[in-house]
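Please open the structure in a viewer and keep the selection tool at hand.

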Amino acid sequence: NWQPLEDSIPNVGYVNASFWYRMEVPEGPGRQVMEVSYPNLDHLRFVLLRNGEPVTTIVTGDHFPFSQRPFAHPKFLFPYSLDEPGDYQILLGVETHGSHQVPISFWEEDQLVNALINEDRWHSLYFGILFTTILINLIIYVALREATYLHYVLTAGTYAFLIATLYGVSFQLLWPNSPALQNQGMLIAVPLALYCALQFARSFLKLGQNAPRWDLFFRGGMVLSALALIASFFLEYNTSIRVSVAIAMVGSVFMVFVGPV
C-alpha cells in the first residue's frame, strides 16, 4: 500500500520509525549515482530492482564505520548501472533517531564528482575563514588578556565543530571507525555551541552592567545548555536532540533580539 509523497523531499521530523521509499530509475548511460545529501541518517538500505528482483543492495548509515560507504564522502552516495534491459526500480529504506529528512537526487557519476569538488571548495573556504578568525582572536586574547576574545574563540570553535558534525565532516576526518563518537558529537555540539554563544553575548554586551534582567535570563539559558550537555550522555538519542534543539531555538531567538536592543 504505497502512498504518494506530497513534498519533493521526504521530511517527517523526529520519529523513531522505519520508512521505505520507492522510485523509478532515471535512464542514463554508464554508471549512475543516487545521492542522499543529508548525512545524519542512522541506517539506509538501497535496493536496485530489475523486473522485481534485487540486483544491487547497499547498506550504510552513520551507525556504520565510514569505510563501509561506496564513496568516501559525508553524503550517502549509491552507485548503480543499468547494464541489462528490464524494468528498474529503487527501494530505499531509512531509519534514524534524529531528524528524518531524505533529500534525493540522481547524477551521472562524472557530473557528481565535479559537483562535489566545487561544493567541497566552498566548504574549505568557509572553514578556512572560520579557523583564521579563531586564530587571530586567540592571538589578540593572549596579547590583551580580555575575556571577550576568549569567549569569541570558544564560540567560533564550537560553531565550527557543530557545522562539521552536521555535514558529516567530523565523521570522515576525526573518527571514521567510531559511529558512536559521531552520534555523541552530534548530541553535544548543539548545547555546547549555545552555551559558548550565550557566554560570549553576555561578555560582549556587558549584560551584567547594561541589562541585569537579560543577564539573568542568559545565565538560565547557560544552565539549561549545560544540563542538556550532561543529559546527552544518559538520554535516548531522539529525546536528547529534541531537548537540545528546543533550547537552542529559544536561546538563538533571544540573542538575535537582545543584540540590537
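This is a predicted model: local features need pLDDT of at least 70, side-chain atom pairs count only at pLDDT 80 or more; totals for chains, interfaces and linings use all residues.

**First stop: E35 and K75.** The structure contains six salt bridges. Select E35 and K75, whose side chains form one of them, at 3.0 Å from N to O. E35 belongs to strand β3 (residues 31-36), while K75 sits in the loop between β5 (53-60) and β6 (76-81), so this pair ties together parts that are 40 residues apart in sequence. E35 is buried, at 5% relative accessible area, and K75 is buried as well, at 12%.

**Second stop: E119.** E119 lies in helix α1 (residues 109-144), so its pairing with K75, in the loop between β5 and β6, links parts that are 44 residues apart in sequence. E119 is partly exposed, with a relative accessible area of 26%.

Move to helix α6 (residues 212-231), where D215 and R219 are four residues apart, about one helical turn. Their side chains form a salt bridge of 3.1 Å, N to O. Is D215 buried or exposed? D215 is buried, at 7% relative accessibility, whereas R219 is partly exposed at 44%.

**Last stop: P176.** Select P176 in the loop between α3 (169-173) and α4 (179-205). P176 is partly exposed, at 26% relative accessibility. Leaving aside residues up to four places away in sequence, P176 touches P65, F66 and F171. Finally, select R213: its C-alpha is 45 Å from that of P176, and the two residues are 37 apart in sequence.

Key: Residues are numbered from 1 along each chain as its sequence is written. Side-chain values use heavy atoms; hydrogens and water are left out. Helices (H or I, at least four residues) and strands (E, at least two) are DSSP runs, numbered from the N terminus. Buried means under 20% relative accessible area, exposed over 50%, partly exposed in between (1.4 Å probe, protein chains only). Contact means heavy atoms within 4.5 Å. A salt bridge is a side-chain nitrogen of Lys or Arg within 4 Å of a carboxyl oxygen of Asp or Glu.
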